[in-house]
Structures are given as C-alpha cells and as structure tokens.
Amino acid sequence: MQMCVDRYATIWVTWRLHGAYTERLHEVIVKKIKFAAGRVEEFACEGGNSQSFLWDTASPGLGLRVTSKGAKSYIFQGKLNGATIRLTIGDPRTWDIAKAQAEARRLKVLLDNGQDPRKVRDDALAAVRDARAMQEAAVVAEQEKQLRESVTLGGVWPEYIADRIATREAGWSEHHIVAHRKIIQDGGHPRKRSPALTKAGPLWSLSSLRLIDLTNERVEAWAREEAKTRPSSARLAWRLLKAFMNWCASHKTYSSMVTSNPTKSARVRESLGKEKRRHDVLQREMLQSWFSAVRKIGNPVIAAYLQVLLLTGARREELAALKWTDVNFQWGSIKLSDKVEDFRMVPLTPFVAQLLANLPRRNAFVFSSPASASGHIAEPRIAHNEAVAVANLPQLTLHGLRRSFATLSEWIEMPNGIAAQIQGHAPQGVREQNYIRRPLDLLRVWHAKIETWILKQASVEPVSSPVILRVVGV
C-alpha cells in the first residue's frame, strides 16, 4: 500500500514541477503531459517506431499520434464493454487544443453513456446523406412536375423526328419525314399554285396539348371530329401519333408523362373507320385514251413523268426524286430509291430511255422543276387529273398507275416475282426471300415485253433501236 502511495506521489510531484510524466506499463512507455502548443509542435516519433503517442492529462482519452513520416493527428481512445476504441479527431493544424479537448470530452460522455462514438458518427453521416438525398429528390420531383406541366405534343414532335432520323438504321425516307411535318403543321399560309390558303394538319388541334392531357377521351373526341372531313388523313395521323406515343413511353424523359397509349382505344379505331381499298386502274381498253391525253400535256417533263410512272410501276415519290446520276444509258439501268431496301435496280427499257433522253437537264433531277423548292416536280396530280378528265376516264390516282402496271402484267403472264421485284415489293415466300436472285437482264426480258405490249394497246409506236444521247437545250 505504501508503494502505491509513493508511486502516485512521485507522479504528482513530477507533473507539478514539469507538466509531464512517463509511465512504464507492461514495458510500454506511455507519455502524458498537459497539452500545450509548443509541446504538440515539438513532439516527434521515436526512432525505430512507426508511430508514437502523447496523451493529454487534462482531457482523458485525448492523444496526439505522430508517424515516422511526421504526420500528426489528435485521437481519442477509450473503452466500451471492455473493448478499446480509438478514433481520429483531426489534424493539429486545423484543430486547436481547446477544440480537440472539447471533442474528446464529448466522445468520453458517449462512452460513459454506453454509446459507440463510431456508430453515432455513422448515424449522423447517414442522416446528412438521407437529408441531402431527400432534398435532391424534392428538386428532381419539382423539375419533373414543371416538365410534365409544360411539355406539349407540338414541342416534342420535332425532337421525335430528329431522333428517329438519327437512330434508325436505314433512316426515314424524305417522303416519310415530310409526312410527319405536314401532319402537324399549322394552316393559313399562301400556296404557290393556288389562291387558297393551306389547311392545318390533322394533328394541329392537338399540338398545343400537354402530353399528360392526351387522354383516351381527348384523342377519341379528336378522331370523331377529324373523321367527318378527312378520314384518310386522320387515319394516317392516328398511325403516326400511335408510333410517337410508343416512342415517348420508352423515352427516359417523357415516359413519366405517358403512362398509357391513348391511341390504342377501340373507340378511336371505330371513329376513324377502316381504309377503303382503292380500285382505280387502267384497263387495256383505256390505254389509248390515256396515252393520247397525257402526251398532249403542255409540260413535257410532267408528260414524260406520267408515262414512265406507268411503264415502270414505280412509286410516285421515288420516281420524282430520280437523278441523272441514277440513269445509266450505256448499260440500260435505273437506280431507284426503295422503301424496302436502300435502292433497287430496274431495267431502262427503250421507250422510257427515249423519254428521258429528250428531257432538259436543268439540274441534278431527271424530272426537274425550276419553280419547286426541291428542284424536282412536286405536284403532277393536277395535270394528270385534267388529262384523265379530257380522256373521259374514271378517276385515276398516281398510285393507280402503279396498280395498273401490276394488273396489265397479267396479260403477258409475267411471273409475279419479277413484277414484284421491278415494282419494289418485298419478296414473298421462302424461295423469293432466300433462294431466287434474278439478274437485271432477266428482268429486262419481261420489262421490255410489257412495255411493248402496253404501247401496242395504246397505238404508240414502240422504240426498238438504242437511244443516242444528245444535248437538249434548256
């Protein structure tokens, strides 16, 4: 007992005289002093050790750790349930002694209350993270709310067109792009060839609506109204709108605004009705009257275009956009843009070659039009309708000429696969899709035959000699 009293008396005297003392516990030297700025600054790691510790006598558990490389930090050490706990408080350069002592006392209180300071710290950090996350979520929710309340059909439609053009492997054809733009355009603009102003597209009445307002009831009301005046255009608009809504449903920004597709309503389909199949076609006995009237059209470009349209069975847009670089007079071929494939090659038959050779070369397009913004003819229907009326024939559309080629091919018993390939129809059946690969010369045999037969029925002199190219004045 006397030895313990003497030991603590020695410690007390040493501390009062020097402000520090050293204990040797189990051969481990533990240095304790009353922390002061100078002593904290002077303390260094003892030679041969990776780290050394200095403990504060004023704040139980507060220590200063220094590594062999000179890095210093305040630490706290205590016991909880018999286990030693050590935490880093901070760098002495940013923590003064008073703050470090206050932090050590706070940690000591936690231990005395049976709390693990590490868990308290982690819980506090988690609470801060949760609060920050909730705040960020609230900001995002507010932004999404503002977006939902401001995004309209007309505002997103151009983005939809641009995305589809950029991401689709084959891209959209120019005709398809124009159709999407016209279907939602406003009206009231002057026309180039008519005093009447343009009409708004079928989707224009919906363009100012927010996406969240495109409900089943709203789209059904739109369909009923549009079906009264232009059911065909309304059905096209409905199909385009349906694809647009599907795109929105999978879009990272607009999916939250389109929870369902209102265009899939059965009432919408019922209101728009089914598309009536057209049966306009040139029969054999009509060919003479049709050719006679068309060849008298004052515009030679339109006259040639209509005849080539019938004799090739091509789509009106792909033929109108034909360029001189796509016509090979030497090898007798025409390269047409195709909606099934990128392009298709068809024979350049003798009479068609003669028609093309006589056309003026005013720009890159075969069927050129200086007055058209595109550079090629844009509206040959007016002249064609007038010619059909002069010939006293039933109503005949430009697509009816394509239908006529397919129908008239039956007269010479042209194989269906050959007629379909010339016209650009998708191959049907396993043989057509996977096995049959017809060369252009095989198509030429049958294409020249149907051209000769049509011209004979129309009392038009066919061309048998090869075309000699010559420069035609503008």
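Predicted model: local features only at pLDDT ≥ 70, side-chain atom pairs only at ≥ 80, totals over all residues.
Let me start with helices H16 and H18, which are roughly perpendicular to each other, a label given to angles of 65 to 115 degrees, with angles under 35 counted as roughly parallel, over 145 as roughly antiparallel and the rest as oblique. H16 covers residues 416-423 and H18 covers residues 440-457, and they pack at an angle of about 95° with their axes 10 Å apart; such axes are lines fitted to C-alpha atoms, for helices over the stretch in contact, and the angles run from 0 to 180 degrees between N-to-C directions. From H16 the contact is made by Ile 418, Gln 421 and Ile 422, and from H18 by Leu 442, Leu 443, Trp 446 and His 447, where contact means heavy atoms within 4.5 Å. These contact residues divide into five nonpolar, two polar and no charged, with Ala, Val, Leu, Ile, Met, Phe, Trp, Tyr, Cys and Pro counted as nonpolar, Asp, Glu, Lys and Arg as charged, and the others, Gly among them, as polar.

Residues are numbered from 1 along each chain as its sequence is written, and side-chain values use heavy atoms, with hydrogens and water left out. The helices (H or I, at least four residues) and strands (E, at least two) are DSSP runs, numbered from the N terminus.

Not counting residues up to four places away in sequence, His 447 touches Leu 311, Thr 312, Pro 347, Thr 349, Phe 405, Met 414 and Ile 422.

Phe 405 takes us to helix H15, residues 398-408, where it is buried along with Leu 398, Gly 400, Leu 401, Arg 402, Ser 404 and Leu 408. The buried residues of H15 pack against several helices, among them H10, H11, H16 and H18.

Five bridges join S8 to S9, and Leu 336 has Arg 344 in S9 as its bridge partner.

Finally, consider strand S5, residues 72-80, which is largely enclosed by the rest of the structure because seven of its nine residues are buried. S5 is joined to S4 by five bridges in the antiparallel sense, and these two strands form a hairpin with four residues between them, where Gly 70 in the turn has a positive phi of about 95°. On pairing with S6, S5 again runs antiparallel, here over seven bridges, and Ile 75 has Thr 88 in S6 as its bridge partner. Asn 81, in the loop between S5 and S6, has a phi near 55°, a positive value in a residue other than glycine, and Asn 81 is exposed, with a relative accessible area of 78%.

Methods. Buried < 20%, exposed > 50% of the residue type's maximum accessible area, 1.4 Å probe, protein only. Pairing = 2+ DSSP bridges.
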